[in-house]
Amino acid sequence: MTTTRRSVLAGAALAASFALQPAFAQAPTEIELFFPVPVDGQLARDMATLIKEFNEKNPTIKATPVYTGSYDETLIKTRAAMKAGKPPAAVIMSANFLLDLKIEGEIQSMDALIKADGKTNDQFMGQFFDALHGNAVLDRQVYGVPFHNSTPLLYVNTDHLKEAGLDPDKLPANWEELVTTAKKLTKRDGDRVTRWGMMMPSNYDYGGWILQALTQSNGGEWFNVNYGGEVYYDTPSMLGALTFWSDLVTKHKVHPAGVQAGGAVSGAFLAGQTSMMLLSTGSLTHIRNNAKFPYKVAFVPKNVRNAVPIGGASLVIPTGVEGERRKAAWTLINWMTAPEKSAWWSRATGYFAPNKAAYDTPEMKEFIAKNPDAGIAVKQLDVAKPWFATYKTVPVRKAIEDELAAVLSAKKTPKEALVAAQKQADEIMRPFVEQTALKLPTN
Amino acid sequence: MAQAVLTVGKAKTWSVPDWRPRRTTVLAFALLAPSLLFLALFTYWPVVQVLWQSLHGQVRVGGPQAYVGAQNFLKLFADPAFRKALANNLVYALGTVIPSLVLALGFAMALARSSRVNALFRALFFLPVLIPLVAAASIFLFLFLPNIGLIDYHLAKLAISGPNWLGDPDVALWSIMALTVWKNAGYYMLFFLAGLQAVPADAYEAAILDGAGPWQRLRYVTLPYLKPTIGFVLVIGLLNVVTQVDHVFVLTKGGPSDSTNLLLFYVYQQAVENYDAGRAAAGTLVMLALLLVVTASSLRTLERSFGEKDA
Amino acid sequence: MSAASISQASTGVSTGEISPKLGYAATLLVAALWMVPFLWMLVAAFNPENTGAGMASLVPSYIPTLANFREAWASADFPRYGLNTTIISLGILAVQIVTITLAGYAFARLEFPGRTLCFYLFLLQLMLAPVVLIVPNLTTIAKLGLYDSLLGVMAPYFASAFGTFLMRQAFMAIPRELEDAALIDGASVFQRIGFIYLPLAKPSLVAFSIVSVTAHWNEFLWPLMVINSPDLRPLTVGLASFTRGAEGAQAWGVIAAGTLLVSAPLLIAFALFQRAFVNSFVSSGIK
């Protein structure tokens, strides 16, 4: 197809689609930011406000925020835009997709940009919490800048604790206490449960993350942090974690059977239909604004040690974004992750601010003093570890999530499930493994 | 310009030589051209691309596409998730098309007569057709929500605890099917309403004179007249169950444990989650082959509906 | 008129039979069931609560509020999205009417070599829904420079096999004599189509328009893929921006209000014209 023909068609499309905008003598660099909406529509507006402010402060750049759905859909849309030859200048990408995107050559290293600012990678990443480095720095190169992050958190309805004669200041800290508390909190009417003691989300994406939290609390690792071709599904730490979850359902009967979606879990908690839940810190603001009862939050209870995976998203620059657009994207990324903006976004959402300096701002200090629950969420960062990320993260994650669903529906024993998940995950990662760890010098 | 007019004029008056396309042929293709252009761009050409892609795949991770022969198909059929999706689609097709059809026929027969009340009820059954499938799915997400959702809330008042509608692998597909029936029955009802107009009133009168009861009239008068409509709706319904998966996208994403995974959703997963364009293309072709079988086996019905043969 | 007498009339006879009455009663019962999701949507949309246990009630026990509508309205630029959706649906329909009328006439009235082949080529599209071919179609759209434009959303639907066959069938039912008379008067083929065939095929055209506009008004996945610019988003994609958060909980009242807002134009149009709608469908001769 010739250029003329293409431009004619494009011109026709333009004219047909929307009114022509006035042309400026010196047009600002136009960039798009793809972003998922983490909780609700309010945040989409907050994002628009944020970008508007950026455009006012940076007249040479015109950034457009583009809402792209959930985390998974944002990945899909980014790839679609790249295939169409129109990569967005920057994307807020789920933090555990970065490794896969790097392996497929779809995002670019930011080392040169950092160097041009006169910093080393360590200096640059030093502004963010250590727990976040594992999902952003790959093979010693920076591929993502943490934007908003989360960890799983235990939420407890303290009214229910009091009602059951338990001390509302003493929340379960280990699995033993979790089970005994959940048993006391569960209410039954004959065989029918009218209130659950505990709920944990197990839908795609959420289930894997929660299971990772349980596994890590059980001393496990889930995946090889340094190598994208290994997961440790069929291991004792994971078997313990999965059995624990399964026991809550089938043995102790304090947790409903089958898959529970994240929204269903928070909905049940807010409606007083479950007394405790494990949910993202990213839901903290939503719970705070909607709970009509006193609640408290605590670290994810441990069996062997306190440990949780991080969640949330990082800013990335897709491959193919060059020149002025890349520079503009970099300006935007730095602006959005600076302490004040980071702190503001954190207060709006409940996610914690990845930039450590955000917590030194006066507004943030005041906010934490007023909302101690937000403070506990941040403290848990000390024990946070990288989120699982492998070659083809999504299908590898799905392999275990499908088995998790089978266990929670009493279709399989935890051991059977883990063996099957391991086999499937190994099969998915095999091309990568054969090309890396198993590829040996022949002469 | 004058020359052109002259040429056309000549072609009109002269007898047409055998090798030259006849005027009506030129006219026919001129009339078909706009459609054929768009069909070529957005139907035939993509199929060619899918055919090519089904024989290619990434041999090196992150590398270019290379010829891999039948490997994509072998891997496809070896994938338990694909076989599961295939089986699910079969259950889904039977479990949605037949109930929708029966309900639609029932609605149409009950509301066949034009009256204000009937018009209201027809409209009522048609409402679900008018709202976007994504939006309907959002509403049903709440209906099926465990504990606090619409269904469980009302069941709890009767002291019954319902199953985990979307979270139990044994139940989830049936919940999805309920939504599909709700969404589509009203649409098919319109076709039956149209079809019922073709049943002559004296056919009923004759049947009544013969002493036929209502069920006999249904069996021997209504159904035979409606045969083409039933065939047509059947085909439309079968095409719908393969090509519409927005609600799976919103409600379950194919889970739990692939229990609601349907072919198109599987293909979509392969393309965007597994990032395996080759296997996705192979899956698309299998799906197209199935659609082809559905359409081919009902070709006579379609031809009759669109009047190719009996015209 | 009582329900029973309608049911008898609907079968074309008036007898004392019991089955048709039962059938009619059952239909009304099912209709009540069919209404439940809509009823909930209405009750929830005006509910001042958003997340509590009482969200599931079908009997409003609150002072109605417009807060959910305000929230939904502010979450998305509905007038703009509505305009985009209208442009997409009507734009597709406009082009389709031209393509299906021309092609329908060719199939209905012209004998030409390759007619059967063409018929099957068209038939192929009935099963090759663009959604099945989303990946290659996206590449084509991008190559044509239509990525992220409303035209890009519309283009794959410009040809319609369903519409073509519908028009063909309608045209075949029109007596040839009418056309022959016009031919003697020297009317061109376009004049004949425009002044004889189209007016007489109106019921089919209206029926097709309903099917087409409904389908494209409600489409989600394809525009989600093609459109990036917020200014070009259609309603369905805009709706998804607050019904489908990535993490956390749903605000059900806002979802219900938003769904109502998005569905309202079609629902109102249908409520106003529904008798004409249904009648045109009934008399279009789709069978």
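No salt bridges turn up between chain C and chain B: the count is zero, with a salt bridge taken as a side-chain nitrogen of Lys or Arg within 4 Å of a carboxyl oxygen of Asp or Glu. The model is a predicted one, with local features needing pLDDT of at least 70 and side-chain atom pairs counting only at pLDDT 80 or more, while totals for chains, interfaces and linings use all residues. Residues are numbered from 1 along each chain as its sequence is written, chains are lettered from A and ligands numbered from 1 in the order in which they are written, and side-chain values use heavy atoms, with hydrogens and water left out.

Polar contacts do cross the interface of chain C and chain B, in five residue pairs with both partners at pLDDT 80 or more. Such a contact is a pair of N or O atoms within 3.5 Å; within protein, one must be able to donate a hydrogen and the other to accept it, and residues adjacent in sequence count only if both atoms are side-chain atoms. On the side of chain C that touches chain B sit 71 nonpolar, 20 polar and seven charged residues; here Ala, Val, Leu, Ile, Met, Phe, Trp, Tyr, Cys and Pro are nonpolar, Asp, Glu, Lys and Arg charged, and the others, Gly among them, polar. In terms of contacts (heavy atoms within 4.5 Å), 98 residues of chain C meet 107 residues of chain B. The two chains bury about 9300 Å² between them, 77% of it on carbon and sulfur atoms, where buried area is the accessible area (1.4 Å probe) that two parts lose on being put together, summed over both.

Chain B itself splits into domain 1 (16-54) and domain 2 (71-305), with bounds from an automatic or database domain assignment. Their centres, taken over C-alpha atoms, are 33 Å apart. Four residues of domain 1 of chain B contact eight of domain 2 of chain B, and about 500 Å² is buried between these domains, 75% of it on carbon and sulfur atoms. On the domain 1 side, B:Val50, B:Gln53 and B:Ser54 lose the most area to domain 2, together 83% of what that side buries.

As for confidence, chain A averages a pLDDT (the predictor's confidence in each residue, from 0 to 100) of 89, and 93% of its residues score at least 70. Residues 1-25 of chain A stay under 50, with 18 contacts beyond four places in sequence in the model. Where pLDDT is low, the predicted coordinates should not be read in detail.
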